Amino acid sequence: MASKGQSLHAKAGENIFAKNPKVSAELLALTYGAFVHRLIKDDGATTSSASAGSGENAEEVNAILDKMGYNIGCRMVDEFFAKAPQQGLCRDLNDTAKVIGEQAFKMFLGVTAEVSSFDSENKAFSLILRENPLADFVILPAAYANKLWYSNLLCGVIRGALEMLNMKVACYFRKDILRGHDCTEMRVELKEIIKDKYEEDDDEK
Amino acid sequence: MKKGSAMNATLADFAFERTLKPRQEVSLSSFSFLFSEIVQQLMKSEKAASYHAHSGALTDPMLQSAGSGTCHLNNDLEHQLYQLGIPIGEKLLELLFYREKGGQGGACSSGKRETKLVSMLHLINGSVFKALFGRPADGLEQSIEDEDEYRILDRSPITNKFANLGKNSQLGQTNCAAFIAGLIEGMLCSAKLYAKVTAHLYGDEEAGAGGDAQATAEGEGAETPAGAGAGATSTTIYVIKFAKEVAVRERAGQ
């Protein structure tokens with residue numbers, strides 16, 4: 001049953017991807033790259049201390065990318081459900097992980113992410129990306145090589161999307177091809193499931 | 001770090017070996033999401049910057065442009081988008097020429113690059129737009145009043161499809177296609193055909209001659225059909241004005 005469920009998500013992802021209008025992946029990669037470049041330059045310009053090339057503002061850039069991804073994720077999840085209306089509830093985190101890695105990534109980026117490394121309590125998993133369309137043609141400068149998570153936008157997207165679905169997660173990179181590792185790995189940890197809060201209606205009218 | 005040099009060589013190899021693989025595509029929505037977030041970030045940083053420099057766009061030291069020094073953009077946001085597009089265009093030129101050498105319907109045959117002005121414009125009109133957006137641009141015209149000026153029409157640039165800045169605010173006049181204009185300018189300048197490219201919304205200005213400026217007609221200004229429907233005008237014109245020395249060089253070469 002596991003393998004059949006796997007290919008189901010992947011197949012659905014591929015179908016939806018094939019149906020939707022597309023743009024060149026290089027345009028996406030270059031646009032993202034130009035923007036990250038600009039963030040690095042700008043942040044360095046506004047802080048009066050060091051020059052922009054020293055890598056000190058890597059953390060700020062990481063934070064900005066994550067925030068941007070969060071905003072995108074909040075809206076992207078609506079689009080996901082609009083494009084895949086037959087996607088029902090996920091029974092557990094395992095299912096969620098598969099849907100994200102195989103269907104959602106395929107739908108939006110055209111690549112699939114492997115799901116792996118579930119921890120013992122089933123509260124965390126890793127997404128392994130063999131190819132990252134955002135990071136085409138990118139080489140990190142030496143000053144940033146160990147501080148900047150270039151594709152941090154993706155972490156924010158996952159965080160935002162899952163938060164819209166009442167799952168508070170922490171998402172961060174563990175490995176990145178741009179840093180010389182063999183693959184790009186994102187770790188997603190479930191912190192808590194947010195219960196819907198219903199506000200008290202005004203009973204007295 | 002002793003593995004520094006070896007690692008760098010591997011990274012560089014890795015970064016560029018992808019160009020040999022078949023072109024990937026991503027869904028339009030991911031680009032649109034990313035672009036709208038970029039625009040939001042630029043708006044935020046523009047607000048922050050306006051506290052530092054009170055006079056806004058005209059004193060921005062980044063306002064370096066090939067060509068005349070006049071500020072042809074409505075506001076700083078368009079300028080930021082335009083500046084963002086220029087390095088992208090430069091890189092895209094290299095990429096497309098490298099990838100398409102000798103290919104069928106490619107950018108160039110047998111690895112030769114375009115040096116002539118008109119053929120370069122046709123290239124942008126056709127192959128480049130096709131490679132980036134999946135369809136060729138909708139028209140290429142030459143202006144009759146000014147020989148150095150050309151126009152490319154784009155019925156619905158992808159940047160404008162989902163980015164709405166609100167009609168009433170001051171930013172409502174911003175044309176996100178300034179990004180694509182910067183891209184085109186980056187490509188042209190990188191090919192040494194220095195030009196200034198601006199994006200104009202078709203149908204945004206008062207009716208002049210009121211003619212229909214289709215691809216066969218040649219005219220100046222953006223004529224609008226009277227009573228254009230509200231919100232239906234997302235056609236953009238990229239006005240390309242070549243530098244004097246380029247035009248002289250073209251004429252000398254012919």
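Predicted model: local features only at pLDDT ≥ 70, side-chain atom pairs only at ≥ 80, totals over all residues.
Residues are numbered from 1 along each chain as its sequence is written, chains are lettered from A and ligands numbered from 1 in the order in which they are written, and side-chain values use heavy atoms, with hydrogens and water left out.

Of the 205 residues in chain A, 54% are buried, where buried means under 20% relative accessible area, exposed over 50%, and partly exposed in between (1.4 Å probe, protein chains only). Contacts are defined by heavy atoms within 4.5 Å. Among the contacts in chain A between residues at least 6 apart in sequence, 62% join residues at least 24 apart.

Buried residues account for 47% of the 254 residues in chain B. In chain B, 67% of the contacts between residues at least 6 apart in sequence join residues at least 24 apart.

Two packed helices are described by the angle between their axes and the distance between the axes. Axes are lines fitted to C-alpha atoms, for helices over the stretch in contact, and angles run from 0 to 180 degrees between N-to-C directions. In chain A, the axes of helix H3 (residues 58-83) and helix H5 (residues 152-164) come within 6 Å and cross at roughly 40°. H3(A) and H5(A) are therefore oblique to each other; angles under 35 degrees count as roughly parallel, over 145 as roughly antiparallel, 65 to 115 as roughly perpendicular and the rest as oblique. The residues of this contact divide into 12 nonpolar, six polar and three charged. In this classification, Ala, Val, Leu, Ile, Met, Phe, Trp, Tyr, Cys and Pro count as nonpolar, Asp, Glu, Lys and Arg as charged, and the others, Gly among them, as polar.

In chain B, helix H4 (residues 117-133) and helix H6 (residues 178-190) pack at an angle of about 125°, with their axes 12 Å apart. This angle makes H4(B) oblique to H6(B). The residues in contact include Met120(B) and Phe133(B) of H4(B) and Ile180(B) and Leu188(B) of H6(B). By class, this contact has 11 nonpolar, no polar and no charged residues.

Ser36(B) is located in helix H2 (residues 28-52) of chain B and counts as buried because its relative accessibility is 15%. A polar atom of the side chain of Ser36(B) lies 3.0 Å from the backbone oxygen of Phe33(B).

Lys191(A) belongs to strand E5 (residues 184-193) of chain A and is exposed, with a relative accessible area of 52%. Leaving aside residues up to four places away in sequence, Lys191(A) touches Lys168(A), Val169(A) and Ala170(A). The side chain of Lys191(A) also makes a polar contact with the side chain of Glu189(A) (3.2 Å). A polar contact is a pair of N or O atoms within 3.5 Å; within protein, one must be able to donate a hydrogen and the other to accept it, and residues adjacent in sequence count only if both atoms are side-chain atoms.

Note on methods. Helix = DSSP H or I, 4+ residues; strand = E, 2+ residues; numbered from the N terminus.
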